[in-house]
Structure formats: structure tokens, C-alpha cells
Amino acid sequence: MFNIIGLLVVGLIIGAIARLIKPGRQALGIVGTLLLGVAGALIGGLVASFLGTGEIFELNIIGFIVAVIAAFLLIGVAEATVGKNKGAVRR
């Protein structure tokens, strides 16, 4: 139970940091930020685990940095996907 709550809190923080780093305005709400932040946190945890710096749910600096980068990239992918869908509707 605490792992899930911790993952959600860390995911929201990571998503918010990634949105602050990304230039321009993003069309994501808090739920989108949370989901992309959690995905980034999981990716960061997996990479840190593969590098041997800790377990997937441990909070360490390598995992945190990779998580923010992953969330940053995921926000870009989400924006590109939403942008393509909006362009198709307007035609």
C-alpha cells in the first residue's frame, strides 16, 4: 500500500519537474502529468536496477535523473500524438 502511494507521489513530482523543464505550454492535466511521471519513475527504477544501483522501488539519484528524462521524453511523445490527432480532426 505504501509503495503505491509513494510511487504516485514520486510520479507526480517527476512529472511536474519534467513539465517545468520542457519549454512551451503542455496540454496535460494533473492526471496526465501523474501517469507520465509514474511511467517515468518506473523506467528510471528499471534502469537503476539494471545498473545495479538499487531496487526498482528504491529512491536513488541515478533512478531519479533517468525518471525525469524519461518523463520529459514521454511528455514530448504525448504532445506529438495529441497534436497529430487534433490536426486530423480539423481537416
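In what order do the elements of the chain run from the N terminus on? The order is α-α-α. The model is a predicted one. It holds 3 helices and 0 strands.

Confidence was examined next. The mean pLDDT of the chain is 82. A value of 70 or more is reached by 88% of the residues. Among the elements, helix H2 has the highest mean pLDDT, at 88. Helix H3 has the lowest, at 79. Where pLDDT is low, predicted coordinates should not be read in detail.

Of its 91 residues, 29% are buried. The chain exposes about 6,100 Å². Carbon and sulfur atoms supply 73% of that area. Contacts between residues at least 6 apart in sequence were also sorted by separation. Among these, 58% join residues at least 24 apart.

Helix H2 spans residues 30–51 and has 22 residues. From its first C-alpha to its last, H2 reaches 31 Å. This is close to the 32 Å expected at 1.5 Å a residue. The buried residues in H2 include five glycines: Gly 32, Gly 37, Gly 40, Gly 44 and Gly 45. Also buried there are Thr 33, Leu 36, Val 38, Ala 41 and Ala 48. Residues three or four places apart in an α-helix point the same way, because there are 3.6 residues a turn. Gly 52 follows H2 and has a positive phi, near 80°.

Helix H1 covers residues 2–21 and contains Ile 17. Leaving aside residues up to four places away in sequence, Ile 17 touches Phe 64 and Val 68. Phe 72 is 55 residues from Ile 17 along the chain. The C-alpha atoms of Ile 17 and Phe 72 are separated by 8.5 Å.

The surface carries a nonpolar patch of about 580 Å². Leu 51, Ile 61, Ile 62, Ile 65, Ile 69 and Leu 73 make up this patch.

Note on methods: Residues are numbered from 1 along each chain as its sequence is written. This is a predicted model: local features need pLDDT of at least 70, side-chain atom pairs count only at pLDDT 80 or more; totals for chains, interfaces and linings use all residues. Side-chain values use heavy atoms; hydrogens and water are left out. Helices (H or I, at least four residues) and strands (E, at least two) are DSSP runs, numbered from the N terminus. The expected span of a helix is 1.5 Å times one less than its number of residues. Buried means under 20% relative accessible area, exposed over 50%, partly exposed in between (1.4 Å probe, protein chains only). Patches are made of residues with over 30% relative accessible area and no salt bridge: like charges are joined within 9 Å, nonpolar side chains (Val, Leu, Ile, Met, Phe, Trp, Tyr) within 5 Å. Accessible areas come from the Shrake-Rupley method with a 1.4 Å probe; for residues, only the protein chains shown count as cover. A salt bridge is a side-chain nitrogen of Lys or Arg within 4 Å of a carboxyl oxygen of Asp or Glu. Contact means heavy atoms within 4.5 Å. pLDDT is the predictor's confidence in each residue, from 0 to 100.
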